[in-house]
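Got the sequence and the 3D view open?

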Amino acid sequence: MVEIDKPGGRGVRILGVPTVADRIAQTVVAMVLEPLVEPVFPPDSYGYRPRRSALDAVAACRERCWKTDWVIDFDIRGFFDNLDHDLVLKAVAHHTDQWWVLLYVERWLKVPLQRPDGSLQVRDRGSPQRSAVSPVLSNLFMHYAFDAWMAREHPGVQFERYCDDVVVRCRNEAQAHRMREAIAGRLGDCGGLELHPQKTRIVLPGQEQAWLGRAHLVHVPGDGFRARKLRTRRGDFFFGFSPAVSSKAAKQIQVQIRRWRLHLRSETTLEELARELNPVVRGWTNYFGLLHPPRLLSSLNRINDYLVWWLVRKYKRFKRKRARAREALSRHARRFPGLFAHWKLVKP
């Protein structure tokens, strides 16, 4: 086992590191189970599923925020650490009678974890994170603990779920409080699971400072979802509830840009810098750029600032002439618009 710190000093996350043989076997079991359980999963489950991503959850979340007034945003405290083994095995047995699948799943769930000092930690509940079979087991558990229960007991209530991070739609505040209590009771019946007190809130999305969609659901923590000034295709402006890169994620992008120290790389060419930066920057633009591009532009423009500084340090004719260096970089961007990945969104 390996312990890693959670962001913000919120404790540690325990990761199970299987042997190579176990990882191969877990992958085989996951490949066997996935086709059996995928057909029963509802369309509002997005985490760890083929051809589904966090951006799909964001899109559904955004559309429904314009239609529903009240929202429950909740997280399960220590979800992976507190999965009931018997309930997981019961769910697996419901979909397959292959004895070797059940045998291996039970063995992986109950095997002791070896600590860094060599001692063994006996477990009676929980599933180690980062194992190849853990995603399908967690989704299967949440399907019967939450998805199927919602369809049976509250068929008119919509939700978006990304593993154990869930957004539930309610018509009014009273219904939101009733649903929160009902969900807490249901999770308690499923192996004593609990709502996380700091990560569970009832919010009104129409409020400017509404808090919705945390890291696992939308991967844009903090103020990722809020009222923003948007523009229609005809050029008209309106205020709507929309996701974007959060202040925290934008700051992390800027920190990474500073770490590149582009202005000190005078020995490299512009093309070499582009080849090095583009894979990372393309990931930022492909993900955060699909949410609300204007929020990303200021962070990406920092790359252009460093490239201007790079020109000033590399070529004597631009010394103390930053304006001329920026004009030269702009001409180069017009001539080679695809050289840097971020130039599709922000020109120098």
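Here is a short tour, from the whole chain down to single residues.

This is a predicted model, so to speak of local features pLDDT has to be at least 70, side-chain atom pairs count only at pLDDT 80 or more, and totals for chains, interfaces and linings use all residues. Residues are numbered from 1 along each chain as its sequence is written, and side-chain values use heavy atoms, leaving out hydrogens and water.

**The whole chain**

- Of the 348 residues in the chain, 47% are buried. Buried means under 20% relative accessible area, exposed means over 50%, and partly exposed is in between, using a 1.4 Å probe and protein chains only.
- Take the contacts (heavy atoms within 4.5 Å) between residues at least 6 apart in sequence: 66% of them join residues at least 24 apart.

**Helices H1 and H5**

- Two packed helices are described by the angle between their axes and the distance between the axes.
- For H1 (residues 20-37) and H5 (residues 134-153), the axes come within 9 Å and cross at roughly 30°. Axes here are lines fitted to C-alpha atoms, for helices over the stretch in contact, with angles running from 0 to 180 degrees between N-to-C directions.
- That makes H1 and H5 roughly parallel to each other. The cut-offs are under 35 degrees for roughly parallel, over 145 for roughly antiparallel, 65 to 115 for roughly perpendicular, and oblique for the rest.
- On the H1 side, Ala30, Leu33, Glu34 and Val37 make the contact, and on the H5 side it's Val136, Leu137 and Leu140.
- Sorted by class, this contact of H1 with H5 has six nonpolar, no polar and one charged residues. Nonpolar covers Ala, Val, Leu, Ile, Met, Phe, Trp, Tyr, Cys and Pro, charged covers Asp, Glu, Lys and Arg, and the others, Gly among them, are polar.

**The two sides of H3**

- Which residues of H3 (residues 85-95) are buried? They are His85, Val88, Leu89, Ala91, Val92 and His95.
- Those residues cover an arc of only 160° around the axis, so they sit on the same side of H3. The arc is that of the directions from the helix axis to the C-beta atoms.

- The contact of H8 with H10 divides into seven nonpolar, three polar and three charged residues.
- Serine 299 lies in H10 (residues 294-314) and is buried, at a relative accessible area of 1%.
- Leaving out residues up to four places away in sequence, serine 299 touches Ala250, Ile253, Gln254 and Ile257.

**Two loop residues with positive phi**

- Tyrosine 48 isn't a glycine, yet it has a positive phi of about 55°. You'll find tyrosine 48 in the loop between H1 and H2 (54-65).
- Is tyrosine 48 buried or partly exposed? Its relative accessibility is 38%, so it counts as partly exposed.
- Cysteine 163 has a positive phi too, near 60°, and its place is the loop between S6 (159-162) and S7 (165-170).
- Cysteine 163 counts as buried, at 1% relative accessibility.

Methods: Helix = DSSP H or I, 4+ residues; strand = E, 2+ residues; numbered from the N terminus.
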